[in-house]
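Please look through the model below with the explanation that follows it.

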Amino acid sequence: MANVTVVGSQWGDEGKGKIVDWLSSRADVVVRYQGGHNAGHTLVVGNQVYKLSLLPSGIVRSGKLSVIGNGVVVDPWALLKEIETLRGMGVEIGPDNLLIAENAVLILPMHGVVDRVREEARGPHKIGTTGRGIGPAYEDKVARRAIRLCDLADPDVLDYKLDQLLLHHNAFLRGMGAPEVDGDEVRTRLKEVAPKVLPYAGVVWERLDELRRAGKRILFEGAQGMMLDVDHGTYPFVTSSNTVASQAATGAGLAPGAVGFVLGITKAYTTRVGAGPFPTEQANEIGDRLGERGREFGTVTGRKRRCGWFDAVLVRQAVKTGGLNGIAFTKLDVLDGFEELKVCTGYRYQGQVIQHLPAGQTAQASVEPVYETLQGWSESTQGARSWADLPAEAVKYIRRVEELIEAPVTLLSTSPERDDTILMRDPFED
């Protein structure tokens with residue numbers, strides 16, 4: 001039985017929450033392996049809507065172990081707030097079904113302050129960060145000055161590390177003319193939160209290794225999308241971590257072979273939140289129509305998403321760099337009623353047609369999409385649960401997408417409802 005790793009193949013917001021929730025019925029363990037509470041997953045279970053940021057999507061299912069790996073940066077106060085919100089909705093959460101890597105880096109209040117001051121200073125060149133401190137926390141991690149979850153149990157180490165962080169970040173804030181962070185206040189808050197989060201701490205890599213050896217199925221859940229990867233995305237308009245599937249192994253403490261079947265969640269059109277290049281963006285009635293029908297507003301920020309036609313070049317690049325074995329095609333029903341649909345099959349750049357998104361910032365902003373026009377359909381695909389329920393033109397659209405991205409459609413989602421999903425192959429059986 002294979003493990004499954006779920007990644008977004010575009011700029012995030014592809015519908016990972018529903019797919020992970022759907023797959024979790026076949027899994028024993030669900031693991032978050034990168035990102036922080038800047039991620040947003042919306043789950044619709046019957047009449048109940050759950051909006052998650054940091055917790056794995058499997059948390060809403062009883063009998064599953066949810067894991068936050070060492071590759072995630074954790075805001076302990078945001079975590080506790082999210083736990084309490086879900087408990088208020090009837091979800092049982094405790095150390096028996098939630099495990100957090102003891103070596104996970106913590107996001108502190110100063111990280112959010114630094115994040116927002118920097119973004120404001122960029123003026124018209126804003127990256128589009130959520131301002132929640134994810135980037136600065138990752139910076140502290142690689143600079144070897146971060147406070148980790150296990151440090152909350154060691155007062156001497158905690159005090160020393162906090163002093164080092166204050167020395168670094170307050171120097172920046174002074175230089176920017178911003179108020180400095182009160183170290184005593186942060187120290188007090190950390191000592192208050194420690195006994196509330198430490199019961200969830202554990203040796204994740206060891207636990208996962210034991211579960212894997214016991215034949216348990218593990219579902220690795222990525223945040224954001226591959227075009228936001230700090231190495232392979234539209235840099236510098238990216239997140240601060242690697243979002244590709246290989247990060248699942250590093251961010252959970254397992255060997256590369258543990259990632260199993262890599263499933264790329266792929267929206268039937270394209271969206272993006274915040275600044276950065278977007279070759280197929282439709283800043284017009286088409287984009288507005290896609291946004292309204294798809295309810296394209298950020299789960300975390302509430303920001304309106306930019307919308308455009310499906311970009312096969314972008315997704316094919318994600319297939320190659322991320323090693324996608326197949327895709328879960330989501331929000332097909334949003335395209336219902338369009339007389340014609342366009343798909344980007346290449347980019348025109350400096351008089352030539354190229355088949356990849358170049359790395360240069362100026363080049364990315366300059367490419368022009370080359371479109372292929374496909375016939376739309378008037379029938380509804382919403383709620384379809386079998387291939388036979390789909391209009392012929394919708395099937396043609398899906399098949400053409402498969403050809404262009406060089407990867408098969410493994411799952412097809414036709415509404416936010418958990419059961420409105422068509423399974424072509426079970427990733428866990430691959």
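The model is predicted. A polar atom of the Asn-3 side chain lies 3.1 Å from the backbone oxygen of Ala-258. Ala-258 is also one of the residues that Asn-3 touches, when residues up to four places away in sequence are not counted. Among the others are Val-259, Gly-260 and Phe-261, along with Arg-212, Lys-216, Arg-217 and Phe-428.

Next come two helices, α3 (residues 109-121) and α5 (residues 155-175). Their axes are 11 Å apart and meet at an angle of about 20°. Angles under 35 degrees count as roughly parallel, and α3 and α5 are therefore described that way. Their crossing is left-handed. On the α3 side, the residues that meet α5 are Met-110, His-111, Val-113, Val-114, Val-117 and Arg-118. Facing them from α5 are Leu-162, Leu-165, Leu-166, His-169, Phe-172 and Leu-173. By class, this contact is made up of nine nonpolar, two polar and one charged residues.

The last stop is Leu-412, in strand β19 (residues 409-413). Leu-412 is buried, with a relative accessible area of 0%. Leaving aside neighbours within four places in sequence, Leu-412 is in contact with residues including Phe-329, Leu-332, Trp-387, Leu-390 and Ile-398. Asp-420, Thr-421, Ile-422 and Met-424 are also in contact with Leu-412. Leu-55 is 357 residues from Leu-412 in sequence, and the C-alpha to C-alpha distance between them is 25 Å.

Methods:
Residues numbered from 1 in each chain as written. Predicted model: local features only at pLDDT ≥ 70, side-chain atom pairs only at ≥ 80, totals over all residues. Heavy atoms only, no water. Helix = DSSP H or I, 4+ residues; strand = E, 2+ residues; numbered from the N terminus. Buried < 20%, exposed > 50% of the residue type's maximum accessible area, 1.4 Å probe, protein only. Contact = heavy atoms within 4.5 Å. Polar contact = N/O pair within 3.5 Å; in protein donor to acceptor, adjacent residues only side chain to side chain. Axes fitted to C-alpha atoms, helices over the stretch in contact; angles between N-to-C directions. Parallel < 35°, antiparallel > 145°, perpendicular 65-115°, else oblique. Left-handed = near helix turned anticlockwise from the far one by under 90°. Nonpolar A, V, L, I, M, F, W, Y, C, P; charged D, E, K, R; others polar.
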